[in-house]
Amino acid sequence: QVQLKESGGGLVQAGGSLRLSCEVSGRTTSILGWFRQAPGKGREFVAAVTWNSRSAYYADSVKGRFTISRDNAKNTVYLLMDALKPDDTGIYYCARVSGDPYLGNYDSWGQGTQVTVSS
């Protein structure tokens, strides 16, 4: 059983940066990632990374602005978000990915952390 706990969300102006962290309890070699949910919208894949960090996956909407990384020694996954836009507003969830990361299937996720980007 893997448990995930997100932190690092907050309020930031457009163009600013935030770094989200996800503490993972229990060892896992699974792909870990982030998805987000904006008010009134469905879940949206954001980014994912393999256990050895050799491969990273990004949604087109965040490519070039967000960077996902993973420190297995600390059991932590990070999401560095730069050049934030109001459209990035939402609750960000850290998750263990099941299968193709672009398909948005997850078998565990945390409580989420709110990110609000003001214009």
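User: Which residues do ring pairs link into a cluster?

Analyst: This is a predicted model. A search of the whole structure gives 5 aromatic pairs. Ring pairs join four side chains into one cluster: Phe35, Tyr93, Tyr106 and Trp109.

User: Are the rings of Phe35 and Tyr106 stacked or edge-to-face?

Analyst: A pair of aromatic rings is described by the distance of the centres and the angle of the planes. For Phe35 and Tyr106 the centres are 4.6 Å apart and the planes lie at 20°. Planes under 30 degrees apart count as stacked, so the pair of Phe35 and Tyr106 is stacked.

User: How many residues apart in sequence are the parts that this pair ties together?

Analyst: Phe35 belongs to strand S4, residues 32–37. Tyr106 belongs to strand S10, residues 106–109. The pair therefore ties together parts whose separation in sequence is 71 residues.

User: Is Phe35 buried or exposed, and is Tyr106 buried or exposed?

Analyst: The cut-off for buried is under 20% relative accessible area. Phe35 has 1% relative accessibility, and Tyr106 has a relative accessible area of 12%. Phe35 therefore counts as buried, and Tyr106 is likewise buried.

User: What kind of aromatic pair do Tyr57 and Tyr102 form?

Analyst: Their ring centres are 5.7 Å apart, with 90° between the planes. Planes over 60 degrees apart count as edge-to-face. The pair of Tyr57 and Tyr102 is edge-to-face.

User: Where in the chain does Tyr102 lie?

Analyst: Tyr57, its partner, is in strand S6, residues 56–58. The pair links distant parts of the chain, 45 residues apart. Tyr102 is in the loop between strand S9 (90–97) and S10.

User: Which are the edge strands of the open sheet of 4 strands?

Analyst: The strand order is S1-S3-S8-S7, with antiparallel pairing. An edge strand here pairs on one side only. The edge strands are strand S1 (3–7) and strand S7 (66–71).

User: Which residue in S3 is the bridge partner of Gln3?

Analyst: S1 and strand S3 (residues 18–25) run antiparallel and are joined by 5 bridges. In S3, the partner of Gln3 is Ser25.

Note on methods. Residues are numbered from 1 along each chain as its sequence is written. This is a predicted model: local features need pLDDT of at least 70, side-chain atom pairs count only at pLDDT 80 or more; totals for chains, interfaces and linings use all residues. Side-chain values use heavy atoms; hydrogens and water are left out. Rings of Phe, Tyr and Trp (its six-membered ring) pair if their centres lie within 6.5 Å; planes under 30 degrees apart count as stacked, over 60 as edge-to-face and the rest as tilted. Helices (H or I, at least four residues) and strands (E, at least two) are DSSP runs, numbered from the N terminus. Buried means under 20% relative accessible area, exposed over 50%, partly exposed in between (1.4 Å probe, protein chains only). Two strands pair if DSSP finds at least two bridges between them.
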